[in-house]
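Biologist: Hi! Could you walk me through this structure in plain words?
Modeller: Happy to, let's have a look together.
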Amino acid sequence: MKYAFFPGCTAPFRTYGYEVSTRLVAKQLDIELMSMEGSNCCGFAVRPIDKLSSIVLAARNFCLAEKMALDICVICNGCYENFIVARNGLLTDPKLRREVNDILSEIDMEFTESVEIKHFARILFEEVGISKIKESVVSPLEGLRVAVHYGCHVLKPSYELGFSDWENPRWLDQLVEVTGAKSMPYVDKMACCGGPIMGSAMDLATNMIRDKLIKIKSVNVDAIVTICPFCALQFDLTQLGAEKKFNETYRIPLFHYPQLLGIAQGLDPFDLGFFENRVNVSTALEKVGIIF
Amino acid sequence: MMEKTQNGVLIIGGGIAGIQASLDLAEQGLKVYLVEKSPSIGGVMAQLDKTFPTLDCSACILTPKMVEVKLSENIELLTYSEVEEVSGKAGDFKVKILKKPRYVNEEVCTGCDICSQRCPIEAPNEFDLGLQPRKAIYLPFPQAVPNTYTIDKNYCIECGLCKGVCRVGAIDYDQQPTILEIEVGSIIIATGFEIFDANLKEEYGYHLDNVITGLELERLINASGPTGGHVIRLSDGNLPKRVAFLQCVGSRDEKVGNLYCSRVCCMYAIKQAVLIKEHEEDTDITIYNMDIRAFGKGFEEFYQRAMSEEFGTKFVRGRVGELFEIPETGNIRIRAENTDTGEFTEEEFDLVVLSVGLIPCKDAKALQELLGIQQDEDGFFTGENPELLSTKSSVEGIFIAGVVEGPKDIPDSVAQAGGAAIKASVVAVKGGET
Amino acid sequence: MTEEKVKPFKVEEPLRIARLDPTFKGEIMEEPNAELIKYCFQCGTCTGSCIATRFENNFNPRRIIKAALLGLKELVLSSDVLWICTLCYQCSERCPQGVKISEFMEVLRHLAVKYGYIHPSLRLQAEAILRSGRVYEDEDTANVMREDVSLPPALSVDMDEVSKILNRTGISNILLREEGDR
């Protein structure tokens, strides 16, 4: 299994633990992640301002992957949704496709439909499969209670992404449970983390994550698990902001999913970049016998 | 065997529409074959507690008609049977009917219930929507017609207890399906409907204990139902003090592919609200709706009465966005916009009732193929001129009545059944050329 | 710490017909996804499903659709509430009329940008992309951190190519033009 690896902007610049743990876990499961030299923003960040620019930026990345003759593996829900929406637009709207290809011809590129977009977590679930992941688990995380957060853009819009199961999905919970940890149900599990409005309405974004944190805390978990660097920042960094703003204490560590899987695979938590996580993870790791 | 009949009419479906059409035709002296796939006639109306807007007892209206069907010399009642094959044309249809084995001899069973009392196996009770069990050998409900027991082979273990206890020797584990061939002049389809599967609206949490459908509420509030007429919470058996109704569940909803209005949900929800109030006066009831469609005779007055001080039902204009359970209490919190004020609301309730819509039966498609008649885009049967002649199917000599033609309430179903009966009798008497 | 206040989204009463722009609806409906708002029957499913509404009652997708259909162009495009939608698609997924409300909100943002109401944070983000091809520009700091976790330095963006294509889309003109307008 080999993919053109597109880590996006946020993971390589803000959530180092996510990127490094993804790479290590991929290696464990024989997934080769090849660098996309020269790649640019997925286009999500300019989409509110100019749709064409966002599609052109996405399309350039598709062309880079096509040169590598590989499908793209993303680890950010924002990249995932933006890429697929852009690709669907190019596939269904001939006028848009001509326009974009005209612009890309400037740099000798042309969009074709050959490259597909996969989220790393979906690759784990669909391509690698639960049973193979289970084989890779050497120290099951028995007794660890986690709150799973999917993130909106890995599921929705379902009519673009091609899932029917967006209201009560189970696949990420299954990926969590194969590590031996227990996925705890909680109210508003599917609610947005507020990440997309961190820039435009930080207060509101903080209020949203606080609400999720309170609900997660009430079911008494050891950690939150995400598969998006944006959601992760909300749960990790903004958690500290919310604690300060509301003078409350939540202290729920955030695990990027590959970190969770990594420790179950017996990888060194130091290598998995746990020390980069803002909320202290040592109590949670202690629970599964890891001194950190 | 071949039964030759000149003026017979075949009626498919033994709900209120099929029953009414049968009785009307029989009264004219015509031979009627009434085919019903389940063990008893009665249909959904038999499951209802009261009718709207008059709050008449549903069973009190229906049961005498069911008995009349049984007693009528002109009606041959074929329950637990299905139409297998239809050929010929108007005035001269040849029909094969499959009589499924009941494993109980209909001729001799007296309906004494001893078999069921001895049967050690429990199965979900279809009539009570699984809210209480029945035995593997069962009568669907006490007023069932015919008063004949049926063995459900999906559950029966052939232990022999029922056979041993039956005083008239009615039990026959080796009963075989039989085919009955008949000739009729015309056919009426009155196969009714199913209720919308509320699981398809995941945001309405039907999997939760304290979220039920309107039809389940009918069984709970019915004195002969599983709780003896007490509307209770399935999570803890307590009486709910705050009840919410969610309208248009599965109706007027592009997401589930049903754009039509089911026409009965507004009124049945209002009726149920009133009934709950009559049972437990201090219950707070809120009905979340897009608009209340009180279009029938006496409906608007009934709606006004539900809103009046007498019943004090609260109507919130707004379709519910989502709901969730509070794990500690099992209570349900509902998020919706009150579109009259523009306020987002999150209210807590003890019980939530989903006013599910009506959908075509799953086997309507098979019947449609068998008979070659037209379906509309929603799957209801239709003819060439539904605007003028709703009882006429697209095939000469085949008529339609009741919800199979489109959602409607009991009075409309009965009226349409009467219309279909007249049309069917003309063809049966005069032959194909009408 | 003071909470940022969101300006109420309120239709002034009485509604003056002279203030309504009948062309606004048409402008919105040029976009295929936004066009679906014509099917809106104002049931409130979107608002009832909306996380932003839950925390900020001034944000009401149903009302925004109604105001847009009425032609309240300035009210809609100048409103703060345009920028607090998280685009989580909950409304689009649940709308019983198949209206793609999130997509419609995005089209409103494009129109707001067109008429000089760009949100400053998004301007900054777009400018960063024009300069460096990605959202974050603190490459040196990041690379120190990346080394800590044994990650290779962040890949550099081929800005030569990115500038060429972004010149063609005209996004820099959009950003420039707006500055004067507001």
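Modeller: First a term: buried means under 20% relative accessible area, exposed over 50%, and partly exposed in between (1.4 Å probe, protein chains only). This is a predicted model, where local features need pLDDT of at least 70 and side-chain atom pairs count only at pLDDT 80 or more, while totals for chains, interfaces and linings use all residues. Residues are numbered from 1 along each chain as its sequence is written, chains are lettered from A and ligands numbered from 1 in the order in which they are written, and side-chain values use heavy atoms, with hydrogens and water left out.
Biologist: Thanks! Is A:E19 buried or exposed?
Modeller: A:E19 counts as buried, because its relative accessibility is 1%.
Biologist: And which residue forms a salt bridge with A:E19?
Modeller: That is C:R146, with the closest N and O atoms 2.7 Å apart. A salt bridge is a side-chain nitrogen of Lys or Arg within 4 Å of a carboxyl oxygen of Asp or Glu. C:R146 lies in helix α9 (residues 139-148) of chain C and A:E19 in helix α2 (residues 16-28) of chain A, so the pair joins two chains. Helices here are DSSP runs (H or I, at least four residues), as are strands (E, at least two), numbered from the N terminus. C:R146 is buried too, at 3% relative accessible area.
Biologist: How many salt bridges are there over all chains?
Modeller: The search of the whole structure finds 64. One of them pairs A:K215 with A:D211, at 2.8 Å from N to O. These two sit 4 residues apart in helix α10 (residues 202-217) of chain A, so about one helical turn separates them.
Biologist: New topic: how many residues does the largest nonpolar core have?
Modeller: It has 102 residues, and A:F255 and A:Y257 are among those with the most contacts inside it. Such a core is a set of buried Ala, Val, Leu, Ile, Met, Phe, Trp, Tyr and Cys residues joined through side-chain atoms within 4.5 Å. Helix α3 (residues 51-68) of chain A gives the most to this core, with 9 residues.
Biologist: Where does this core lie relative to the domains?
Modeller: Domain 1 (2-120) and domain 2 (130-286) of chain A both give residues to this core, so it lies between them. The domain bounds come from an automatic or database domain assignment.
Biologist: What about a second core?
Modeller: A second, separate core has 72 residues, including A:A205 and C:Y136.
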